[in-house]
Structure formats: structure tokens, C-alpha cells
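Here's a quick briefing to read with the structure open beside you. Take a look around first, then go through the points below.

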Amino acid sequence: MIRSFVASNHRIPDCRFWVSKIVVDSGGFFFESMFIPNTVLGVRMGRPTTVISSGKRLLPSIVAISLLLPLLLAGTARAADLSVSSSTYLRYYERELAGGNKNTFAPLYEYLSADAANLGGAPVAFHFYGWGRVDLSDPSGSGKESGDLGSAYLEYLHPKGNAQMKLGRFFLAEGVAVETLDGAFFKVTTPVGIGISGYGGAPVEQSILDNTSKGDSLYGGRVFFVRPGFVEMGVSYLKEKGPFQGKDRELYGGDLWLRVAPPVEFTAQATYNRSTRGMASQRYALRVVPGSRFDISAGYEAYSYKDLFQTALHPIFITPSAVIDNTDKVQTIFGVLDWEVVSGLTFELAAKNIRHDKANPGNANRGEAGVRYTFNDKKDVFGLSAAAVTADRDENEYQEFRGFVSFSPAKLRLTLDALTQQYKQAISGKKNAHQVVASAGYKVRPYLSVSGDLTYTQSPTFQQDYAGLLRATLELGTATGGKK
Amino acid sequence: MTRRAPFAAVFGAVLIALLVGCSAVSQTPSVPPKHPEELPAGRVDCLECHKDVSTGALKPYASVRHSRVFIDSHGTYARQGQNLCASCHAPAFCQTCHAGKEEMKPNTKMGDRPDRRAPHRGDYLITHRIDGRLDPGSCFRCHGNKNDSRCKQCHK
């Protein structure tokens, strides 16, 4: 039986209200405040909604596109390389509410990804990605249905010079831009190594607040110089018309990759926020990669809350509060090591020193060590890791230990993943948390796999919780070569 | 400037770039849109087969070795271009984490892949308070403009 025990009249640290009950699940959470009128006499009456469409019509659209795509491309099917990936998840968990009520959640998710390349024999491709949810029991989110269209775009890849164009909805990372955009993108490199990219359209952004709006339009570009194997440097610009604390979003950026010597490379990226007239972020790193078995990097990173978070639509980043003082600045020194000592056996070390201008949250250090052993022709991995965070303030200190293993005999796949955390300062009266995820799967056909997960969690928010998940993965394709 | 002006400017720039790009594009071959051979399971090591400099990233293959170092800093490389990434990863791969709207944590979706560095393992409702206080910049990259209706229950 799947049960969850939930505390009543529970004070959530860093929240400015008392909650009458907490409803949590391993994949997320929501709180129901006594001040939020979505609960009447302990009975759930619905949940707060966002200004964003719940996507009620997206699931049928996703299904329709998945069915129609091969037909739409029938004329070019002879030349096109089609691949479709479908992942279906059915989760199940129960939540016990104050007053003895209990909700049962069984959300059914469909994630669909489709790629059609070489359309009409031309270097043109169509990419699609989206998901939808239907609740088979109580609503698990904002309504009983939801979904999102992640990307749907045409892409042209020139046979030479990696020149490309995109048109539609796509995820873009280019210089200062890390966006999802409804619009167009192009990039071209000239024979002398000077290149240019540009993009424009409507930003696909989301706000968790009611009555707030996202940006209206976004455009920008990057000019760069590249000498293969030696250097790539670029300057970039982005402007977004929007309501970002009363100003547009306007960023200047610089990026550098420099191969100082064959095994040594230096990377740098910096972003200047013109709207706030301050340096938003900087990151510099030196990396040594002498071969395929050793990789070490060290660097410096800094950012200013006010300048980096100006564009946020999530209020935690922009509203001064007990949690985040938006006049704070952070400087970080970090180091990471990845060393495959013998074939299949890899050690990982990571360390980070975080320094804040403000005494709250204060400074902290995080150290981490781990080992991974791959076997069964790289199909399976056994890993152990330990991490410790030491900090000026006890509330920020914790230790973490994790072990995992996978085992794939023939068509079976079994995995086990255990994580435990110990907090220096008790949270909701508890100083530790544990989670174990066990999974078993079977490859029914080369293109069809089914698996099931069982997750057990005990933590400051869960006295005891079990959650189940069934997963079916279908991968179809007409082309040879590596799967994407 | 009217609201439509940026669109017009971008549209014009795209047309110009098309003309210029088609006539003056670099003669180096493009990276194939799809890796021509099947790839092994697990973390990929390009250096097993490839040497020297990639046609797509125009960087040595060692730079994109999928080590912990690379995974932690993959954004630095991706911001200079994703053609090489796209040869093996579908666009949906990025959006497993970099999604505008998402309800399932990556590690919930990939509960059968403990080897992946999926973020937010365990009861992250608790741990996110500490990580968020100490390094909110790492949260902002994905959650700054992300619709997660669960956030608003506390963050108003």
C-alpha cells in the first residue's frame, strides 16, 4: 500500500505563512496554505493556476502530430530519415491530508520527440518535442490535463561550414542567449573564420505569478572568429522588450575558447547587463585534457544578484526576502577532476568555495568525491559518492552519500539508487533524509522497452512515502546510424 | 521604434545573411546531422575513434570528452555552437532539463538511469533551500523563467 504521512500545522522554513497541511511527492510538491482558498474543510477544491495556459489542447495536438507526421512527409519519405521517440509514464502515489482525507494521483504522461531529416533529399530537417499529461485520478497539477510544446522547427544545414538556419519554436544557446524562441535563427562562418549569427522572434517564457507577463519580442546575435583547433572568440548582444522590473532586457556578452597548448585550454564568458549597468556574470576556467583518461579543470565564477536576476520571472530571484537579498554578490572558486585510473574505473573529485558579500547566507565550501566502475560492455555502472558542505551558518551544512548500480543481463535491466543526506541543523525536526529508487525493465523488442520504478522516501517532509512509476519507451527510425 | 520593428530588422538580417552565407560560407565540411554509426551505451568517448579537430565544434575532440568536467561546464561549449552536440543528441535531449514548462524532475523520468547526472535527486524540496541560498545562480539558469506552479505555493 502506498502511503504518505503528512504533518499538520507545519511551519515551513523560509516561508512566511503557516500551512495547514503539506502535500508532497517524490517528483515535486505543493503546499496548501490556510490563506489560500483552495481548501475547504480539508477537502481539496482545486489548485492555484498560473497565467499560462494549462495546455489542455496540447495532448491531442501532440498525438495528432505524431500520427500525421509520417503522412505529412509521405512525399519525401523515400529520401527522409525519420525517427520517433515516445516515452510514456504512468505515476502512482497517494497523499494523506489533514482531516483524514486522502488523494490518489495517477498522472499519465506522454513525451514525444520526432525528427525528420534529409527532407526531399535536401539538408532540411524537422524537429518536434512536446509532452502532455492526463490525470487518471485526482488532479496532480493545474487541472487534470497539462502539456507543453518544447520545440517544433525546420532546420537547414548547409553542407559546408556548418551554416544553418532554424525556423519555428526551438531551444537556443548562442552567446548570451539561452532561450526558447518562436522565431528564426541563422549562423554562418566565412572562409576567413569570421562568422555571424542572428535570431529574433517571440520569447517562450513562463511566469509562475498571476497577472505578470513575459517579454514581447527578443532579438540578438553574435559575431565571432574561429580558427579550428586553436581559438574561438565571440561578442554577442541580446535585447528583449519586456517588463523586467520596469526595463527591457539588454545584455552584452563575450566568450572565449583558447587552446593555450595541445592539452590546455582556457575558457571565458562574461555578461554585462546594460539595463542595470552592471556585470551580471563572469566565468573563467583553465582545463587540462591530455588524453581520453584524465581531465582536470579549475576556475573562477562570479555573479551579481541584481544584475543577473533582473530578467527573472520567478519572484524568488527578484524580491528581497529572508531567503535572497538581491543586493548580494557571489564569487566562486572551483575545481573538478575526472580520472579513469584503469579501463572502466573512474575517480571524480570536485571542490567549490562560495563567497557571498552578505553574512546571510555567508560563505560555504562543498567537497565531493566519487568513484564509478563501468562494466558489461559499458552498459552498466556501479558508483559511490560522498559530498560535504561546510558553511558559516549551520542551516547550510549537510552531508550526502550516494550509491547506485545497474545490471543488464540480456534483455533485463535492473537498477538500484540510494541516497542519504544528513543536515547539521534539523529541518522540521529531522536531521536526515533517505531515498531509494529501484527499477526493473525489459526490452520487449529492439525498439520497445518497458520498466517500472518504486521510490521510497523518508525526509523532513515525508515520514514515509512510496511512489510507483511505469515507463514504456518506443524508438522507431528509418535511418541507420547512431540514435539520438 | 514600433513593436514590429525588431521583427522586420531580424527578418531583413536573415535574408542578408542567407545571401552572404550561401556565397561566402566556409569551405570546411559541415558535421553530419546524425552520427553515421551506432554508438555504444553509456558515456561516449569520441577519442576512441576520432582524432584532432571536430568539423562541427571546430575544437579538439578531447574538449568534448563526456567527463564530469565537461558535463559540469557543457554550457560554456554549447553557447559557441551545438552542431557537434546535435549529431548525437536530438533537440529534445537539451529540453529534458532546459524546459520552459515541466512537471517531472529529470531524475524521476530517468529513474532507470542512475548513471546519468540528473539534477535534483532525493527529496529536493528540502535540499533546494540550502542550494538556493548558497548558489542561486545555478537555479536561475533553468528556473528563472520557468513555469513551475508548485514554486508559487511558497514563493509569492
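**How the two chains meet**

The contact takes 134 residues from chain A and 99 residues from chain B, where two residues are in contact if their C-beta atoms, placed from the backbone, lie within 7 Å. On the side of chain A that touches chain B, there are 62 nonpolar, 48 polar and 24 charged residues. Here Ala, Val, Leu, Ile, Met, Phe, Trp, Tyr, Cys and Pro count as nonpolar, Asp, Glu, Lys and Arg as charged, and the others, Gly among them, as polar.

Keep in mind that this is a predicted model: local features need pLDDT of at least 70, side-chain atom pairs count only at pLDDT 80 or more, and totals for chains, interfaces and linings use all residues. Residues are numbered from 1 along each chain as its sequence is written, while chains are lettered from A and ligands numbered from 1 in the order in which they are written.

**Nonpolar cores**

- The largest nonpolar core has 25 residues; a core is a set of buried Ala, Val, Leu, Ile, Met, Phe, Trp, Tyr and Cys residues joined through C-beta atoms within 7 Å.
- Buried means that 20 or more other C-beta atoms lie within 10 Å of a residue's own, with C-beta atoms placed from the backbone.
- Among the residues with the most contacts inside this core are Leu308(A), Phe317(A) and Phe140(B).
- α7(B) gives the largest share of this core, five residues. Helices are DSSP runs (H or I, at least four residues) and strands are too (E, at least two), numbered from the N terminus.
- Leaving out residues up to four places away in sequence, Phe317(A) touches residues of chain B including Pro136(B), Phe140(B) and Gly144(B).
- A second, separate core has 22 residues, including Phe171(A) and Leu218(A).

**Strands in chain A**

- β8 (residues 107-117) and β9 (residues 124-135) of chain A pair antiparallel over 10 bridges; strands pair if DSSP finds at least two bridges between them.
- Six residues lie between β8(A) and β9(A) in their hairpin, and Asn118(A) in the turn has a positive phi of about 60 degrees.
- β25(A) is joined by 10 bridges to β24 (residues 398-407) of chain A and by 12 bridges to β26 (residues 430-445) of chain A, antiparallel in each case.

**Domains of chain B**

- Chain B is assigned domain 1 (28-94) and domain 2 (106-153), with bounds from an automatic or database domain assignment.
- The centres of these two domains, taken over C-alpha atoms, are 25 Å apart.

Methods
Buried ≥ 20, exposed ≤ 12 C-beta atoms within 10 Å, placed from the backbone.
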